[in-house]
Amino acid sequence: MLNGIVGFQLLEDGTPLSLGLILLSAAALFIGTGYIALDTAFSYSGHFDSSLGGANRNVGLYVLYQLAPLVFLTAFFILETVLVLRVLGEKKPMLYLAAAALLFAIGQIFQYVISTHICSGTNGKINGALFETLFTLLAVIMTWVFWSSITEDDWPMPVTGGTYT
């Protein structure tokens, strides 16, 4: 989500402050999720023991591992849409961003909907994680293409038929 804010030039890209904020927010999410996951699995404090019975669900882990990234991705998409349409006045980069969102959604459909059918059809040998990973990779590539289209640098370098000089 902080990457979406950097495009508005509130903080200069690559400064120690912007990198520190991204590093600290990533560390906080990693430590929070890691603590809840480890405490749930190994019952260090006993706080999450109630989640071990019944359907074996942990709301805190779900929020940090599933819901927070979805909220951050939605915020990133909205921030970048505002940046491209209102600030830059461009429309073509939105095709790349929409393609990235669509590819990510297809990957999530494979992970959460189609995976059980693939797993059942192959007797548990494979599941939808292969396709989810592929579509997520394609979404990341499209996000890079989107970023490349709105920056002033010459990305990617044009491929020429000549040799290096």
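Before I start, a word on conventions: because the model is predicted, local features are taken at pLDDT of at least 70 and side-chain atom pairs count only at pLDDT 80 or more, while totals for chains, interfaces and linings use all residues. Residues are numbered from 1 along each chain as its sequence is written, and side-chain values use heavy atoms, with hydrogens and water left out.

Let me begin with the overall fold. The protein has five helices and zero strands, where helices (H or I, at least four residues) and strands (E, at least two) are DSSP runs numbered from the N terminus. Along the sequence this reads as α-α-α-α-α. Of the 165 residues, 20% are buried, and by buried I mean under 20% relative accessible area, with exposed over 50% and partly exposed in between, using a 1.4 Å probe and protein chains only. As for contacts, meaning heavy atoms within 4.5 Å, residues 24 or more positions apart account for 50% of those with a separation of 6 or more.

Now to the interior. A nonpolar core here is a set of buried Ala, Val, Leu, Ile, Met, Phe, Trp, Tyr and Cys residues joined through side-chain atoms within 4.5 Å. The largest such core has seven residues, namely A100, L103, F110, I118, F135, A139 and M142. The elements giving two or more residues to this core are α4, residues 92–121, and α5, residues 129–150, and the largest share, four residues, comes from α4. If you look at M142, and leave aside its neighbours within four places in sequence, you will find this residue in contact with Y96, A99, A100 and L103. There is also a second, separate core of five residues, which includes V84, M94, L97 and F146.

Let me turn to helix α2. With 27 residues at 1.5 Å a residue, α2 should span 39 Å, and its end C-alpha atoms are 37 Å apart, which agrees; the expected span is 1.5 Å times one less than the number of residues. The buried residues in α2 are S18, T33, I36, D39 and T40, and what covers them includes α3, residues 59–88. S18, in this helix of residues 16–42, counts as buried because its relative accessibility is 4%. Beyond its neighbours within four places in sequence, S18 is in contact with L11, E12 and D13.

Most residues other than glycine have a negative phi. The C-alpha atoms of D49 and D39, ten residues apart along the chain, are separated by 8.7 Å.

N123 is in the loop between α4 and α5, and it counts as exposed because its relative accessible area is 67%.

Finally, the second largest pocket, where a pocket is, on a 1 Å grid over the protein atoms alone, an open set of points where a 1.4 Å probe fits, with protein on both sides within 12 Å along at least five of seven lines, and lining residues have an atom within 4 Å of a point. Its volume is about 310 Å³, that is, the space filled by probe spheres set on the points, which are joined across faces, edges and corners. Which residues line the second largest pocket? They are Y62, Y65, Q66, L67, P69, L70, L73, F104, Q108, Y112 and E132. The elements giving two or more residues to this lining are α3 and α4, with the largest share, seven residues, from α3. The lining divides into eight nonpolar, two polar and one charged, counting Ala, Val, Leu, Ile, Met, Phe, Trp, Tyr, Cys and Pro as nonpolar, Asp, Glu, Lys and Arg as charged, and the others, Gly among them, as polar.

Q108, one of the lining residues, is found in helix α4. Not counting residues up to four places away in sequence, Q108 touches V113, E132 and T136. Q108 and A129 are 21 residues apart in sequence, and their C-alpha atoms are 9.3 Å apart in space.
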